[in-house]
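These are my notebook entries on the structure shown below. I set down what I looked up, entry by entry.

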There are 2 protein chains.
Amino acid sequence: MHGSSHDDVRRHIQRTVLRLVHHRGPTSRAGLTRLTGLNRSTISALVAQLTALGLVEERQPDATNQVGRPSPVVAVNGRVAALAVHPEIDAVTVALVGLDGVVRRRIRCPMPQTPSAAAAVRLAADAIADLRGDIEGRHDVVGVGVAVPGLVRTSDGLVRHAPHLGWTDEPLSEMLAAAVGYPVHAGNDASLGLLAERDGGSGVGCTDLIYLNGGASGIGGGVIVGGRVVGGHAGYAGEFGHTRVSDGTAVDSAGFRGTLEAEVTRSGLLNALGLTGETDADTLEHALLASDAPRVKAEVHRQLDHLAVALAGAVNVLNPQVVVLGGFLAALRAVDPDRLHHAVAALTLPTVFEGLRIDAAMLGSDLLMIGAAELAFAGVLDDPHSFGRA
Amino acid sequence: MHGSSHDDVRRHIQRTVLRLVHHRGPTSRAGLTRLTGLNRSTISALVAQLTALGLVEERQPDATNQVGRPSPVVAVNGRVAALAVHPEIDAVTVALVGLDGVVRRRIRCPMPQTPSAAAAVRLAADAIADLRGDIEGRHDVVGVGVAVPGLVRTSDGLVRHAPHLGWTDEPLSEMLAAAVGYPVHAGNDASLGLLAERDGGSGVGCTDLIYLNGGASGIGGGVIVGGRVVGGHAGYAGEFGHTRVSDGTAVDSAGFRGTLEAEVTRSGLLNALGLTGETDADTLEHALLASDAPRVKAEVHRQLDHLAVALAGAVNVLNPQVVVLGGFLAALRAVDPDRLHHAVAALTLPTVFEGLRIDAAMLGSDLLMIGAAELAFAGVLDDPHSFGRA
DNA sequence: GGTGATTTGTTGACTTTGGCAACCTAACAC
DNA sequence: GTGTTAGGTTGCCAAAGTCAACAAATCACC
């Protein structure tokens with residue numbers, strides 16, 4: 001019963017190799033040998049097994065102008081795919097993502113009003129049904145990953161509280177799984193953005209990073225420590241928005257006074273600029289950079305200084321390599337990176353600040369879908385042998 | 001060269017078994033079989049190896065009044081020991097600690113004034129020389145662990161900045177290693193306290209916990225996430241003291257305004273009580289509990305509320321199971337646990353607060369020495385085979 | 001274009017290691 | 001004493017990775 005130790009080892013090594021080609025992209029067999037430190041023959045056998053499972057494919061090597069026998073390139077099999085779902089205030093987005101990290105198709109279903117959980121599930125299920133044509137015969141879908149803008153109990157995908165959507169204790173994963181017939185995994189959108197950022201964005205190669213994302217209705221985020229995403233005891237970690245940054249009276253979405261989310265807001269910037277709420281992140285950034293009105297500058301400085309307080313607190317406690325800012329926080333930073341840099345420096349211990357980077361996220365919308373899909377891939381990556389037997 | 005995979009496996013399993021008996025204390029072979037899921041024969045071989053290395057011993061089982069053949073009890077070998085060193089403002093403490101976690105001897109060398117790094121090394125070396133009598137023939141010392149009240153670069157034991165001691169960039173490990181001839185490892189005292197607390201204190205069994213320690217001159221702490229101590233990028237994580245908690249003007253040891261360390265102080269409590277600085281933690285707690293003077297109450301409430309802000313921020317971000325408070329923070333909490341509880345609850349998301357415990361540390365002074373010794377044991381626990389060949 | 005150097009895949013023998021099962025031992029219970 | 005139960009011991013087996021020898025594929029140089 002109890003998986004024999006040998007099995008454990010084999011699985012672990014298979015996992016390592018599969019993760020490697022998944023994250024690094026196509027890699028030669030010789031490269032895998034070097035990266036893992038395993039023997040050539042072992043890699044050979046391993047790749048053969050993974051190929052048999054249909055998880056990877058071998059290609060003829062590219063001409064490298066190098067002496068010696070060319071090594072076949074191992075790449076993940078593009079057939080293997082996952083569905084990503086992202087419910088938002090005004091739309092539900094569904095995408096088909098390959099294990100190779102490529103978004104194959106993407107459907108955005110706009111909604112006139114904020115969808116209920118049931119409506120979001122219906123919409124997502126319909127969109128997935130539309131995708132069946134693309135899937136049939138072409139892809140093996142391993143599951144669905146949902147990026148939820150709110151607190152999610154990761155163990156069973158229960159949405160505890162999604163303030164923007166107005167959802168409370170919605171068994172989202174269960175409902176969606178019943179509707180589409182695939183296993184469903186849900187996670188906090190910021191955490192998933194963080195993961196995508198670490199794997200393919202500003203945080204590549206970092207083991208300790210903090211990610212803050214500024215959205216229309218609040219600030220979320222996530223933390224990676226020692227290379228692992230911090231889930232916390234129940235999976236709710238990363239709520240930077242409710243960190244107290246001043247004694248002010250402004251109130252955030254949870255009713256707390258003087259918090260980051262209360263003081264640093266998208267709407268505050270838009271008001272100062274005289275813009276409406278329908279401005280996207282890029283437009284906001286351009287408008288901020290273009291404006292030299294004193295009131296805009298004052299608001300930007302005020303927000304940057306508050307942001308610095310929250311960042312400094314987290315940096316002192318976690319000593320990360322990088323802080324990655326997404327959404328309107330990236331726009332805010334872009335206006336005056338130096339001010340933010342110095343403000344954080346003034347509130348952190350010099351030794352801790354040493355070597356800290358504060359970067360903007362590269363996170364495109366696709367990257368978030370990739371992060372969600374990653375959730376669905378996790379099972380296969382964790383135990384390659386589980387694939388294909390279902 | 002490259003350790004064969006077989007070796008890795010064997011080492012990993014050996015490590016697991018040794019860690020088990022180290023942390024859980026004496027355990028029957030049958031118990032190990034159950035805990036590891038390995039085969040009886042495997043455990044048998046493993047224990048034999050570890051016994052041969054001199055790391056563990058087998059004892060006759062205690063009478064258990066249980067049917068069946070009694071299983072020999074496996075315990076770590078008490079011969080294996082480490083030295084722990086703890087430099088403080090007014091003394092340097094040195095202890096001899098067994099791998100079984102027992103403090104064999106303990107020497108406190110008082111100092112009329114705060115020692116320089118060189119003086120601390122000299123004192124420690126002298127104390128260790130005094131211990132030779134206890135060591136010779138009776139113990140195999142694997143190394144020295146130093147608990148430093150300040151920022152330590154863990155990789156090489158360089159003390160970057162220890163404000164209370166007035167040290168900056170002192171190569172403490174190097175100096176001490178040269179003086180005593182044992183390998184020396186240094187770590188932040190709060191981190192070590194945290195470890196000891198997790199292994200044998202209030203945080204037993206927790207995978208996510210936050211630890212804050214209030215000392216005479218400041219507040220330090222540490223974080224465990226997913227069962228691992230958060231070191232951060234450079235090993236400086238855990239500086240909770242410099243989290244901003246108010247817009248006040250009080251300044252902390254690093255010159256930051258309105259931080260936890262500036263607002264929540266031992267001296268503030270002592271002043272309110274009309275006591276001097278030489279009060280120890282227990283006396284302080286009793287005095288606080290005994291007093292019902294309004295000014296004491298007011299000061300306690302003020303400090304508790306500030307503490308709650310810092311805790312809430314960390315709790316929102318890290319979603320731990322337990323917050324452990326040590327030093328005078330434990331005394332502060334003891335006066336009015338409910339106020340602290342409710343103040344934190346009022347500043348954290350309900351879902352995140354759910355199931356959170358806020359406890360006092362059990363950390364005795366001995367436990368800190370054990371934490372420091374643990375640092376020295378880490379190498380042996382990590383690769384049992386490395387022991388005895390030196 | 002042939003020859004050698006270099007790198008890498010392939011194959012089968014070898015080694016290590018843990019699992020397994022049969023057997024033996026030591027306690028309790030009646 | 002005999003039965004029952006739990007656990008150590010031993011020899012055999014299977015799995016998995018290493019190793020070494022060989023084959024293949026490329027480049028470089030004559």
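Predicted model: local features only at pLDDT ≥ 70, side-chain atom pairs only at ≥ 80, totals over all residues.

**Entry 1: DNA strand D**

I found 29 residues around DNA strand D, and the closest are N39(A), R29(B), A30(B), G68(B) and R69(B). I then listed the elements that give two or more residues to this surface: helix 1 and helix 3 of chain A, together with helix 2 (29-36) and helix 3 of chain B. Which element gives the most to the surface near DNA strand D? Helix 1 of chain A does, with four residues. Sorted by class, the surface near DNA strand D holds 10 nonpolar, 14 polar and five charged residues.

**Entry 2: DNA strand C**

I repeated the search for DNA strand C. It is surrounded by 29 residues, the closest being R29(A), G68(A), R69(A), S71(A) and N39(B). Two or more residues each are given to this surface by helix 2 (29-36) and helix 3 (40-53) of chain A, and by helix 1 (5-24) and helix 3 (40-53) of chain B. Helix 1 of chain B supplies the largest share, four residues. I noted the classes of the residues near DNA strand C as 10 nonpolar, 14 polar and five charged.

**Entry 3: the two protein copies**

I next asked how chain A is placed relative to chain B.

I then examined the contact itself. It joins 44 residues of chain A to 44 residues of chain B. On the side of chain A that touches chain B, the elements giving two or more residues are helix 1 (5-24), strand 9 (158-162), strand 13 (218-225), helix 10 (294-318) and helix 13 (350-353) of chain A. Helix 10 of chain A has the largest share of that side, six residues. By class, I recorded 21 nonpolar, 17 polar and six charged residues on the side of chain A that touches chain B.

**Entry 4: chain A as a whole**

I counted 14 helices and 16 strands in the secondary structure of chain A. The radius of gyration of chain A is 22 Å, close to the 21 Å that the globule rule gives for 390 residues, so chain A is as compact as a globular protein of that length. Along the principal axes, the C-alpha atoms of chain A fill a box of roughly 65 × 50 × 45 Å. Buried residues are 49% of the 390 residues in chain A. Of the contacts in chain A with a separation of 6 or more, 62% are between residues 24 or more positions apart.

**Entry 5: helix 5 of chain A**

Which residues of helix 5 of chain A are buried? In this helix, residues 172-180, I found L172(A), S173(A), M175(A), L176(A) and V180(A) buried. They cover an arc of only 165° around the axis, which puts them on the same side of helix 5 of chain A. An α-helix has 3.6 residues a turn, so residues three or four places apart point the same way. The cover over the buried residues of helix 5 includes helix 4 (117-135), strand 7 (140-148), strand 9, strand 10 (167-170) and strand 11 (184-188) of chain A. Just after helix 5 of chain A, G181(A) adopts a positive phi of about 80°.

I looked up N319(A), which has a positive phi of about 45° although it is not a glycine. N319(A) lies in the loop between helix 10 and strand 15 (322-327) of chain A. Is N319(A) buried or exposed? N319(A) counts as buried, with 28 C-beta neighbours inside 10 Å.

In chain B, D169(B) is a residue other than glycine with a positive phi, near 50°. D169(B) belongs to strand 10 (residues 167-170) of chain B. With 12 C-beta neighbours inside 10 Å, D169(B) counts as exposed.

**Entry 6: a pair in chain B**

My last entry concerns A378(B), in helix 14 (residues 365-382) of chain B. A378(B) is partly exposed, with 17 other C-beta atoms within 10 Å. A378(B) and G145(B) are 233 residues apart in sequence, and their C-alpha atoms are 9.9 Å apart in space.

Definitions and conventions:
Residues numbered from 1 in each chain as written. Chains lettered and ligands numbered in written order. Near = placed C-beta within 6 Å. Nonpolar A, V, L, I, M, F, W, Y, C, P; charged D, E, K, R; others polar. Contact = placed C-beta atoms within 7 Å. Buried ≥ 20, exposed ≤ 12 C-beta atoms within 10 Å, placed from the backbone. Arc of directions from axis to C-beta. Rg over C-alpha atoms; globule rule 2.2 N^0.38 Å.
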